[in-house]
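Subject: Structure handover

Hi,

Here is the structure for your files. My notes follow below it.

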Amino acid sequence: MKKIRVGLIGFGISGQVFHAPVMRSIAELDLVKVTARKADQQSLLKERYPQAELALSADDIFNDATIDLVVVATSNEMHYPFAKRALESGKHVVVEKPFTNSVEQADELIALAKEKNLILAPYHNLRFNSDYRTLEKVIKSGRLGRIVNLESRFDRFRNYLRPNAWREENLPGSGIFYDLGPHLIDQALQLFGKPHAVFADLAVQRDHAKTIDNFDCLLYYDNLRVSLKGSMLAKEPTPRYRVFGMNGNFVKYGVDPQEALLRDGKFPDEDPTWGQEDPSLYGKLNIVEQGNDIEEMIPSEIGSYPDFYQNVADSILGKTTLIASAEQARDVIKIIELGYQSQLERRVVSIENTLIAY
């Protein structure tokens with residue numbers, strides 16, 4: 001089997017944790033070249049991926065005619081220019097979220113990929129989380145009845161600013177609305193499709209912070225409201241999801257275990273229990289069913305980030321189409337832009353016909 005040769009741009013946390021070890025699980029992918037600027041990154045690359053050649057610049061990857069797929073896992077402001085360069089070099093592309101920092105950039109990349117007949121995939125990996133897969137299963141089961149409200153949160157606790165971190169600077173695409181917001185928005189669009197309007201309250205809360213570290217975004221649907229929230233000051237665990245339906249509620253605490261395992265240096269292909277949540281994290285369904293009050297713990301679905309890269313490989317080989325498309329990611333960025341408009345104008349902003357994939 002001829003393998004898809006992969007060049008990875010960026011070997012910080014994103015490249016080390018979310019991309020390189022996940023790609024290793026896919027038989028069709030061969031990680032052959034990686035940019036790693038810092039000495040500790042270069043040492044880790046040599047230790048964990050000895051087959052991969054060190055690239056001192058992105059140009060080393062763009063100019064390598066043997067590379068088929070480029071993965072952009074850099075700081076957010078470089079997603080667009082690096083993805084564009086890769087496409088212009090005739091290579092398929094995976095881009096970390098946020099896909100781009102603007103809809104204009106997203107539209108340009110989508111047009112370029114279509115012109116060159118190349119795969120352009122946003123890394124919306126949280127669709128492959130155990131918690132989201134469980135939420136989707138519960139909603140689609142119909143047991144909750146008509147859904148009237150979803151509350152989805154992605155919280156952390158860090159009451160200090162991380163030194164020398166680009167995410168803490170007031171740069172294009174920085175702040176947690178761009179960092180965590182795309183995951184929650186993407187999941188909402190997958191579950192419910194196109195909303196009618198958006199309202200966002202974006203705040204800078206921590207001492208000396210320079211960029212958004214708290215967001216509250218409300219999506220308006222017919223007879224449905226979706227509340228998306230993120231905070232850097234959530235010390236007490238908050239529910240990951242709360243769903244309210246005509247028949248009752250579903251509440252899910254805890255987060256998918258994959259990120260923690262990847263940060264610990266584990267490889268998905270070496271763990272037969274990969275992506276399985278501990279039963280203590282199972283969500284609770286509390287409903288009225290056939291006139292009876294039912295309380296039931298719902299076993300979590302299995303999470304699998306490798307499923308994302310398997311889909312990308314299969315799409316490049318012409319076996320299927322992308323699960324997470326660039327058009328869908330572009331619409332996520334549109335909602336983020338409308339959220340900033342809502343914050344500036346302090347009003348609900350109509351989405352109208354500005355989404356193209358829903």
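The axes of α4 (residues 79–88) and α5 (103–116) come within 10 Å and cross at roughly 10°. Axes here are lines fitted to C-alpha atoms over the stretch in contact, with angles from 0 to 180 degrees between N-to-C directions. The two helices (DSSP runs of H or I, at least four residues, numbered from the N terminus) are therefore roughly parallel, meaning under 35 degrees. α4 passes α5 in a left-handed crossing, with the near helix turned anticlockwise from the far one by less than a right angle.

This is a predicted model, with local features needing pLDDT of at least 70, side-chain atom pairs pLDDT 80 or more, and totals for chains, interfaces and linings using all residues. Residues are numbered from 1 along each chain as its sequence is written, and side-chain values use heavy atoms, without hydrogens and water.

Contact means heavy atoms within 4.5 Å. From α4, Tyr80, Ala83, Lys84, Leu87 and Glu88 take part. They meet Gln105, Glu108, Leu109, Leu112, Ala113 and Lys116 of α5. That contact holds six nonpolar residues, one polar and four charged. Nonpolar covers Ala, Val, Leu, Ile, Met, Phe, Trp, Tyr, Cys and Pro; charged covers Asp, Glu, Lys and Arg; the others, Gly among them, are polar.

Best wishes

How values were computed: Parallel < 35°, antiparallel > 145°, perpendicular 65-115°, else oblique.
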